[in-house]
Amino acid sequence: MKRVPVCSSAVKKPGCDGKNLTIKSAACSRLVLGIETSCDDTGAAVLDEKGAILGESLHSQKEVHLRAGGIIPTVAQHLHRENIERVVRQALERSDVDPSQLSAVATTVKPGLALSLGIGLKFSQRFVKQHNKLFIPIHHMEAHALTVRMLHPVAFPFLVLLVSGGHSLLAVARGVDDFLLLGRTLDEAPGDTLDKVARRLSLRKHPQCSTLSGGQAIELLAKNGDRMRFPFRTPMGQTHDCCFSFAGLRNQVTMTIIKKEAEEGIEQGTLLSCVNDIAAATQHTVATHLAKRTHRAILFCKANGLLPSSSPTLVLSGGVASNQYIRKALAVITETTGLRLLCPPAKFCTDNGVMIAWNGVERLREGKGILPPNVDVCYEPKAPLGVDMTAEVKAAAIRLPPVRIKIPN
Ligand code: KG4
Ligand code: ZN
């Protein structure tokens, strides 16, 4: 038997069986089941109130989508439907927790792929009704932003850069449900760009990359590449705000690939001899763009007193944050500006059930956004995070001092 830090009479105690819905009255460590299905990972985890992970399970659809050349929503939905019951059961079994011992179920309901969100939400609503549990709807990006607090004692407010396959945003986290949005992507997310570049380069045919996501493949090949060989322009050099754009960079890279294919006399779908150099230059330009926008966000925060003077912190998270080169580029900026840089380890940067359960724990502790089992909730494929401050950031038009982002491979 594994350790379950609930009191022995947990099932009978008010607040632990979900029948007494007064969430402040629990006399023992409250347990939260987290469920994630917003994109292509079916994740579940059980956490106690202190953030100890009692058990987790994750089913990744990456292989299927890699073979298909991208995420097909109906395929993602089918795979979530096939796996969710097993994934949740495994998380509970690995925790040695019976549903009756849970205090609440936290589930991603926004933003994400409609068909994927729908599976997690439907499953969760049935589950909370069946077991009479509290329900905590979760914003996927809020969960990415807060994960760091499960691992380090990071007080609010802090600056957060979230970069994944579906998102790119800069925000000040002022509280569990209180964010100021400083920047967001105007077109695609950096992970999406890296995935598309990797696909255009046919990196699945590369012996070292066949099972890697686009971002992972680019990072691996870039280690042996010369980034100087293709001097791609850093996006939005003349726009003095904190928003992002990656579509233009993807276009620059695609034009280069077409030119190189013509020079080498090869067809699209064949590996170019210069893939490493293209990977290195693409990764460097993405890193530089992220670093510059973040630099401006830090200066904006300083000018407006949005971060504490003692130990101001930048948190970097989301799937793309597992990239070591990008982490180093951000470290150059935090060193220059006197911030502490915190990045959760890679397994907590990508999507998982743990981060959703943790967001549930944070909300349960504060009594925020907690619903009784019988309330119907709708999913929201598009959902901005926090109060939109992008216009104020743009109006401030902060010029950046020159910073040399030189990172050894
Ligand atoms: O957060 P995540 O698991 O799912 C989304 O919410 O999108 O992020 C997945 C994205 C993919 O685009 C993948 O290519 C990218 O994160 N990614 C990386 C790395 N590992 C995953 N990008 C750059 N470098 C990596 N090492
Ligand atoms: Zn994510």
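Predicted model: local features only at pLDDT ≥ 70, side-chain atom pairs only at ≥ 80, totals over all residues.
## Guided tour of the chain

Residues are numbered from 1 along each chain as written, chains are lettered from A and ligands numbered from 1 in written order, and side-chain values use heavy atoms, without hydrogens and water.

Show the C-alpha trace. Along its principal axes it spans about 70 × 50 × 35 Å. Switch to cartoon: the chain has 13 helices and 11 strands. These are DSSP runs, helices H or I of at least four residues and strands E of at least two, numbered from the N terminus.

Next, colour by burial. Buried residues make up 56% of the 409; buried means under 20% relative accessible area with a 1.4 Å probe, protein chains only.

Now select Leu159, Leu161, Leu182, Leu203 and Leu290. In the largest nonpolar core, of 60 residues, they touch the most other members. Such a core is a set of buried Ala, Val, Leu, Ile, Met, Phe, Trp, Tyr and Cys residues joined through side-chain atoms within 4.5 Å. Select residues 275-303, helix α9: the largest share of this core, 13 residues, comes from there.

Zoom to Leu290. Leaving out residues up to four places away in sequence, Leu290 touches Leu161, Val163, Ser168, Phe244, Phe246, Ile326 and Leu330.

Last stop: Ile138, Val148, Met150 and Val354. They are among the 36 residues of a second, separate core.

Technical notes:
Buried < 20%, exposed > 50% of the residue type's maximum accessible area, 1.4 Å probe, protein only. Contact = heavy atoms within 4.5 Å.
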